[in-house]
Amino acid sequence: MGGKLWEPFRLGRMELRNRIVMAPMVTRYASDDGCVTERTKNYYEARARGGVGLIIVEATYVHRNGWAFANQLGISDDLSLIHISEPTRPLYISYAVFC
């Protein structure tokens with residue numbers, strides 16, 4: 001299969017390896033306090049290695065009052081921000097862009 005789908009693509013300042021975009025899908029793989037777990041990391045890593053050029057991360061609360069369901073990802077404090085960036089560091093360099 002050829003064509004533009006597999007060609008590198010620039011979207012604003014982001015350089016994507018192809019035009020395949022993964023829409024946000026809720027996994028409920030986060031810990032009870034909204035932090036990334038090994039299962040979360042494995043899930044996103046598999047999709048990045050599988051060929052997705054841009055991954056839009058699932059529903060994520062930015063304030064604890066916005067928490068909508070159990071095991072939802074959160075970025076409401078410094079610790080959760082550190083954890084949520086962990087799975088993207090090596091993948092951003094090698095495989096996919098996360099946003």
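Here is a walk through the fold, its confidence, and its charged side chains.

What you're looking at is a predicted model, with a mean pLDDT of 84 over the chain and 82% of residues at 70 or better.

As for the layout, the chain has seven strands and three helices. Reading from the N terminus, you get β-β-β-α-β-β-β-α-α-β. Of its 99 residues, 30% count as buried.

Now for the charges. The structure has three salt bridges. Take helix H1 (residues 38-49): lysine 41 and glutamate 38 sit three residues apart there, so about one helical turn separates them, and their side chains meet in a salt bridge at 3.3 Å, N to O. Glutamate 45 and arginine 49 are also in helix H1, four residues apart, again about one turn; their salt bridge comes in at 2.6 Å, N to O. Glutamate 45 is partly exposed, at 26% relative accessible area, and arginine 49 is partly exposed too, at 46%. Then there's arginine 10, paired with glutamate 15 at 3.2 Å between the closest N and O atoms. Glutamate 15 has 42% relative accessibility, so it counts as partly exposed.

Over on the surface, Asp32, Asp33, Asp77 and Asp78 gather in a patch of negative charge. Aspartate 78 belongs to helix H2 (residues 78-85), and its 62% relative accessibility is why it counts as exposed.

Conventions: Residues are numbered from 1 along each chain as its sequence is written. This is a predicted model: local features need pLDDT of at least 70, side-chain atom pairs count only at pLDDT 80 or more; totals for chains, interfaces and linings use all residues. Side-chain values use heavy atoms; hydrogens and water are left out. pLDDT is the predictor's confidence in each residue, from 0 to 100. Patches are made of residues with over 30% relative accessible area and no salt bridge: like charges are joined within 9 Å, nonpolar side chains (Val, Leu, Ile, Met, Phe, Trp, Tyr) within 5 Å. Accessible areas come from the Shrake-Rupley method with a 1.4 Å probe; for residues, only the protein chains shown count as cover. A salt bridge is a side-chain nitrogen of Lys or Arg within 4 Å of a carboxyl oxygen of Asp or Glu. Lys and Arg count as positive and Asp and Glu as negative; His and the chain ends are not counted. The place of a charge is taken as NZ of Lys, CZ of Arg, CG of Asp or CD of Glu. Helices (H or I, at least four residues) and strands (E, at least two) are DSSP runs, numbered from the N terminus. Buried means under 20% relative accessible area, exposed over 50%, partly exposed in between (1.4 Å probe, protein chains only).
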